[in-house]
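Here is a short tour of a two-chain model, written to be read with the structure open beside you.

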Amino acid sequence: MASAPTASNSRSGRSVIDRRLRTERVLAGLCLLAALLSLASCQWRRLTVNDPIQPSDVAFIQAGQTTMGDIVAKLGPPDEMAARGGGLVMRYRFRDGKYFKIDAGRLLAFWSPVTPEMSLARGQMETDVFQVVVDVSGIVREHAFAWQSPAGQFNPWPF
Amino acid sequence: MKNTARTILLILVSASLLNGCAFFRGHFGEEFDDAKITAIKKGATTRAEVAAVLGAPDEIVHAGERDIFHYRRFDSKMGFLVVISRFNIKGDHVYVFFNREGVVEDVVYGKRTNRLEFQVWPFGD
């Protein structure tokens with residue numbers, strides 16, 4: 001008489017555990033699905049133009065001493081040269097741009113015939129510029145970053 | 001049975017990733033021939049000879065009494081995988097400096113495109 005309820009209790013105990021395990025698996029699957037759907041609505045893009053120039057890369061330049069040849073040997077030929085008085089302005093253009101977009105509308109693409117655009121995105125397209133002025137004999141007179149973007153982050157907030 | 005299901009799932013996941021995978025390549029201008037550029041001799045080669053070898057320049061800069069022929073070329077490579085992508089662009093430039101007599105005074109040349117890579121991963125360096 002004593003063994004019957006024990007067997008019954010054991011069976012029902014196992015079934016409670018099985019049900020709990022199944023629920024946990026379903027929940028884990030739903031979480032994974034939600035994570036994949038959220039991932040599908042994001043875009044990470046990176047644009048690199050030439051080799052980004054850091055202030056440490058141009059620390060060797062000394063006005064009145066460094067020559068155009070020294071700069072070309074270290075940084076390569078510039079992207080632009082323009083006349084300035086008797087001398088030249090050398091411009092190096094570069095960019096390490098990060099673009100991040102979240103489009104909540106893409107979540108509807110799985111069950112809606114229309115995919116509305118519901119996006120938040122942020123990125124920059126202009127190039128940074130490092131500029132060197134050399135005189136007629138090819139000696140550096142001035143050098144500066146004409147425009148240098150702050151270190152980019154993947155950030156979708158456009159405001 | 002379990003293994004077959006796993007294999008099918010793996011194939012489906014791989015196929016869906018390949019479906020969102022793309023590689024692009026773009027050029028602007030012809031690749032510079034090193035031999036042609038090294039053939040340009042300072043103090044000897046003339047403006048007409050440079051134009052005959054390298055073609056008409058993309059730009060002519062007048063700097064005081066000197067003229068500078070500027071030749072440029074760009075190469076780009078892009079890797080794209082579903083929600084991530086990376087687009088790399090590099091340019092090569094040749095500058096030929098001429099004196100008042102139209103004879104080569106200096107040549108500035110360098111290649112960046114030989115270091116251009118296909119990349120997909122947008123994070124890190």
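## A buried lysine in chain B

B:Lys90 has a relative accessible area of 9%, so this lysine counts as buried, the limit being under 20%. The model is a predicted one, and in it B:Lys90 sits in strand β4 of chain B. Leaving aside residues up to four places away in sequence, the neighbours that B:Lys90 touches come from both chains: A:Asn50 and A:Asp51 on one side, and B:Arg73, B:Phe74, B:Asp75, B:Arg112, B:Thr113, B:Arg115 and B:Leu116 on the other.

What does the side chain of B:Lys90 meet in a salt bridge? The partner is the side chain of A:Asp51, with N to O at 2.5 Å. This pair crosses between the chains, running from the loop between β1 and α2 of chain A to strand β4 of chain B. The two side chains also count as a polar contact at 2.5 Å. A:Asp51 has a relative accessibility of 30%, so the aspartate is classed as partly exposed, whereas B:Lys90 is buried.

## Strand β4 of chain B and its partners

Strand β4 of chain B covers residues 84-98 and pairs with β1(A) in the parallel sense, over six bridges. In this pairing across the two chains, A:Val49 stands opposite B:Ile89.

Within chain B, β4(B) pairs with strand β5 (residues 104-110) in the antiparallel sense, over six bridges. Here B:Phe98 stands opposite B:Val104. The hairpin of β4(B) and β5(B) has five residues between the strands, and B:Gly102 takes a positive phi near 80 degrees there.

## The contact between the chains

How many residues does each chain bring to the contact? Chain A gives 29 residues and chain B gives 30 residues. The area buried between them is about 2300 Å², with carbon and sulfur atoms giving 52% of it. On the chain A side, A:Arg46, A:Pro77 and A:Met81 supply 28% of the area that chain A buries against chain B, more than any other three residues.

The polar side of the contact comprises 21 residue pairs in polar contact, counted where both residues have pLDDT 80 or more. Several elements of chain A each supply at least two residues of the side that touches chain B: α1 (3-40), β1 (42-49), α2 (68-75), β2 (80-84) and β3 (87-103). The largest share, eight residues, comes from β1(A), the strand that pairs with β4(B). By type, the residues of this side of chain A divide into 18 nonpolar, six polar and five charged.

Three salt bridges are counted between chain A and chain B. Besides the pair of A:Asp51 and B:Lys90, A:Asp79 and B:Arg112 meet through their side chains at 3.3 Å, N to O. B:Arg112 is also among the residues that B:Lys90 touches.

## Salt bridges inside chain B

Over all chains, the structure holds 20 salt bridges. One of them joins B:Arg73 and B:Asp92, at 3.6 Å from N to O. The pair links distant parts of the chain, with B:Arg73 in strand β3 and B:Asp92 in strand β4, 19 residues apart. Both residues are buried. Salt bridges that share partners join B:Arg25, B:Arg73, B:Asp75 and B:Asp92 into one network; B:Arg73 and B:Asp75 are also among the residues touched by B:Lys90.

A further salt bridge is formed by B:Glu59 and B:Arg72, whose closest N and O atoms are 3.6 Å apart. This pair links strand β2 (residues 59-63) to strand β3 (residues 66-81) of chain B, over 13 residues. Are these two buried or partly exposed? B:Glu59 has a relative accessible area of 29% and is partly exposed, and B:Arg72, with 25%, is partly exposed too.

## The fold of chain A

Chain A has two helices and six strands. From the N terminus on, its elements run α-β-α-β-β-β-β-β. Of its 159 residues, 30% count as buried. Among the contacts in chain A with a separation of 6 or more, residues 24 or more positions apart account for 61%.

Conventions. Residues numbered from 1 in each chain as written. Chains lettered and ligands numbered in written order. Predicted model: local features only at pLDDT ≥ 70, side-chain atom pairs only at ≥ 80, totals over all residues. Heavy atoms only, no water. Contact = heavy atoms within 4.5 Å. Buried area = accessible area lost by both parts, 1.4 Å probe. Salt bridge = Lys/Arg side-chain N within 4 Å of Asp/Glu carboxyl O. Polar contact = N/O pair within 3.5 Å; in protein donor to acceptor, adjacent residues only side chain to side chain. Helix = DSSP H or I, 4+ residues; strand = E, 2+ residues; numbered from the N terminus. Nonpolar A, V, L, I, M, F, W, Y, C, P; charged D, E, K, R; others polar. Pairing = 2+ DSSP bridges. Buried < 20%, exposed > 50% of the residue type's maximum accessible area, 1.4 Å probe, protein only.
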